[in-house]
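Reader: I have the sequence and the structure open side by side, and I would like to go through them with you. Please take my questions one at a time.

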Amino acid sequence: MTELLQLRGISKRFGPVVACDAVDLTVREGEVHGLLGENGAGKSTLMNVLLGLTQRDAGTIIHRGKTVHVGGPRNAIGLGFGMVHQQLSLVEPLTVWENVILGDRGRVDRAKACADVEAVAARYGLPVDPLSRVDRLSAGERQRVELIKCLRRDPSVLVLDEPTSLLTEAESAELFAVLRRVVRAERRAVILISHRLAEITAATDRVTVLRRGRVVHTGRTAETTPPELARWMVGREVAVEAEAAALGVLVAPAQAAATTTAAPVLRVRDLRVLVGGTPRLDGLSLDVAPGEILGLYGVEGNGQDVLGDVLAGLVTPDGGTVEVGGQPIDLTRPGALHLAGVGVVPEDRRTALVLDMTVAENLAMKAPMSAFPNRRRMRAAAGRLVEEYGIAVPSLDAPARALSGGNQQRLVLARELSAAPRVLVAAQPTQGLDVGAIGDVHRRFQRVADQGVGVLLISTALEEVLALASRVAVISSGRIAGILPAEEATGERLGLLVGGA
Amino acid sequence: MIARLSLRSAAVGAALALSAALVAATGGSPAAALRALYQGSLADPTAWTATLLYVAPLLLVAAGACVSARSGMFNIGQEGQVLIGALAGAWVALRLAVGGPVLVVCVLVCAALAGGAWAGLSALMYRWRGVDVVVSTLLMTFVAQQVVAFAVTTPWLLQESRVGDAAVSAQSNRLPAGALLGSFGEYPGLAVNCGLVLAVVAAVLVAVALDRTRWGFRLTMLGRNEIAARHAGVRVARLGGAALAVSGGLAGLAGAVLLTSPVGANRLQPGMSVGVGWDGLLVALVARNRPLLALPVALLFGALRAGGGFLAATGVPPYLVDVVKALLVLAFVVVGRARDAGER
């Protein structure tokens, strides 16, 4: 088979972060090439470089033997590179055919566009009605529309970013069958970005594993095994006995719960959340004991953000219960979780702070407040917290917007912890922080856990989870795939759970 | 700060220069127009009286607009809420068998309740069907205009009673004396209508409520970051609805003041809101949603209104006042936006 696309020595850094470090990737004609890696491994950056969405710092792109210049997305389309992003980019109130021709130039010809859509749909076995409105379609159908949009331009290289995260099993199987046929018959190539090991093993011919911006493995998929891939992906040293234990890795949540001695301070049972008909949480259950840090690890998009929203009181679940200290919480009442003693450090700081209000006001936001709050007392309390938590502020009356990311995070922490919570839920608490701030946040977590607070740490950074947590729960497709004590949480076992193997 | 001030005066200066140019272009003399404006609004106690009669409803509307804008539920339907308030007030005054000072209190309270309920409809539409508040409050204004027109042309509702063979107009009977707001001072001296007292008190109360109470604190949170407000346990729908109702209530009160103070004919008439709802919104806009700042701004707008009536004598079309007003608002708003953009 001939080489269709070669990326040689692609490097890209964002400030101090090296996203891609001299990455080589070779894709052959007629193959489905898997690109495997954790969040932040550099997969998306690499593909953005290929698609002209990001300009590389170094490296060459060779297409059909010729060095090509990819200056921007139009260039990339012209060369025949197409991508279906994980976050579907469809305009919901528009119809299928309107979405498909979006970005075309010239006159809008509805009949021709519809015929086009139907032709592509028939050719690739992707049935969809060109006249239906996108917001009435299921997730699987929307995915098809994205594919049609891409395939209509006859791409030579098609990049699919986590294409099955919104699909059912049957829909994914169908999708991969179609892709194989297309790729073989028409001498194209597909780059499949995924973290699902089963998917990679089943659907790809060759696979490249990225970790921290470097290629750690590349080769024929048939010559590797899921445990090997998991180890490359997560990159932790594997314990000697772990290889043998790999098969019996699934620990049922009930079993794990039994190993916790103290009565759980946070008990989540059978939580279900449907978003647009797709289950984002699918019967999720977990317990957090007082004084423990439970790490919830998993790849982005498996429902951890939804769990965070539920525990922050932003989303009312479609089913399931949450108990704090043995008391069931009425999740429809605003602020009920907060009153019951659940502190929340949300993934997006901007949802916890009102950036246009002052530091003092932000610190007072969740504290009990009299009908006529005393400004002086509010500022005094804020002053104490600012000092205790070492928050660098220009002034207590400065808007929270004026603070650096690390100090905003300290502000949230200070507010949540000053309410003396029984449970602290923290989602990606160190995302975007510098090293000093990360250490600070970690020490705070350990201290509150020592004081008997149950901490639920939701994170996609394995290092963080392993550094802090005493137990690690792995979330996959909206449910807990397994819970491991920290000492047994090897990269391989976690990788298998994360991959849903 | 100084840069901002000079920028603002430059913008206002430009607006005034443009206005003068427009006056000249329509064949008038800018100096004469300015003199007429001054004479009609601030030159003597009588002129002041006329100005202050307009200030009261403008300030009430503006104070309400501050509340809704602070909560992020942007109400722009004050014109309609003013009319509905006046309608309710007129109905109470003409149909309720209450006498004496109790009557005027009833008129004011019912007008406020009606205005609040009218705005509350938009809050309900938003909550149940997700109808955009800006759009629904605006459109409800046109509904309100039709409702008032219907009321004053329907004999069993509020149309004036036939006296002898005289033709009846589309208006209500004149309100009884007991339903009218009194004034301090008398012509030709300065007369301050109770409506102004009411408006100033309302503006001060709104300022206190917004900046010194838990309610105002939560309202600010809601307006600046709804998700954070929900995080903090704020009942978003209820609070936002309340803010909308309060702003509508103050607009309804402005309608009652228009109805019961000597600014109009003391009758319910279809055009009686005379754009006070729109202008009050502009007052709040220029005052950057601060009720106390709205006081001087309302005075300026009231003066332009009162003085506008005197323009006709100079041969300048009176609607030019509206153009001047618009230019001034644009000058203030453009400067505000430019500053915000600079900070970002």
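Reader: Which residue in S10(A) is the bridge partner of Thr208(A)?

Author: This is a predicted model, in which local features need pLDDT of at least 70 and side-chain atom pairs count only at pLDDT 80 or more, while totals for chains, interfaces and linings use all residues. Residues are numbered from 1 along each chain as its sequence is written, and chains are lettered from A and ligands numbered from 1 in the order in which they are written. Strand S9 (residues 206–211) of chain A runs antiparallel to strand S10 (residues 214–220) of chain A, and 6 bridges join them; strands here are DSSP runs (E, at least two residues), as helices are (H or I, at least four), numbered from the N terminus. Within S10(A), the partner of Thr208(A) is Thr218(A).

Reader: Which residue in the turn of the hairpin formed by S9(A) and S10(A) has a positive phi?

Author: The hairpin of S9(A) and S10(A) leaves 2 residues between the strands. In that turn, the residue with a positive phi, of about 50°, is Arg212(A).

Reader: Which strands stand at the edges of the open sheet of chain A?

Author: The open sheet has 6 strands with mixed pairing, in the order S6-S7-S8-S3-S9-S10 (chain A), where two strands pair if DSSP finds at least two bridges between them. Each edge strand has a single partner strand, so one side of it is left without a neighbour in the sheet; the two are strand S6 (81–84) and S10 of chain A.

Reader: What is the bridge partner of Leu158(A) in S8(A)?

Author: Strand S7 (residues 157–161) of chain A and strand S8 (residues 189–194) of chain A run parallel, joined by 5 bridges. In S8(A), Leu158(A) is partnered by Val190(A).

Reader: At what angle does H1 of chain A run to S7(A)?

Author: Helix H1 (residues 43–50) of chain A lies across strand S3 (32–36), S6, S7, S8 and S9 of chain A. Angles run from 0 to 180 degrees between N-to-C directions, with axes fitted as lines to C-alpha atoms, for helices over the stretch in contact. For H1 and S7(A), the angle is about 150°.

Reader: Are H3(B) and H7(B) roughly parallel or roughly perpendicular?

Author: Helix H3 (residues 45–71) of chain B packs against helix H7 (residues 194–212) of chain B with the axes 8 Å apart and at an angle of about 20°. Angles under 35 degrees count as roughly parallel, over 145 as roughly antiparallel, 65 to 115 as roughly perpendicular and the rest as oblique. The angle therefore makes H3(B) and H7(B) roughly parallel.

Reader: How many nonpolar residues does the contact of H3(B) with H7(B) have?

Author: Residues making this contact include Leu52(B) and Val55(B) of H3(B) and Leu196(B) and Val206(B) of H7(B), a contact being C-beta atoms, placed from the backbone, that lie within 7 Å. Ala, Val, Leu, Ile, Met, Phe, Trp, Tyr, Cys and Pro count as nonpolar, Asp, Glu, Lys and Arg as charged, and the others, Gly among them, as polar. By these classes there are 1 polar and 1 charged residues, and the nonpolar number is 16.

Reader: How far apart are the axes of H7(B) and H8 of chain B?

Author: H7(B) and helix H8 (residues 214–224) of chain B pack at an angle of about 70°, which makes them roughly perpendicular. Among the residues in contact are Leu210(B) of H7(B) and Trp215(B) of H8(B). The axes are apart by 5 Å.

Reader: How many residues of chain B are in contact with chain A?

Author: The side of chain A that touches chain B has 13 nonpolar, 5 polar and 2 charged residues. Those 20 residues of chain A meet a set of chain B residues numbering 16.

Note on methods
Two residues are in contact if their C-beta atoms, placed from the backbone, lie within 7 Å.
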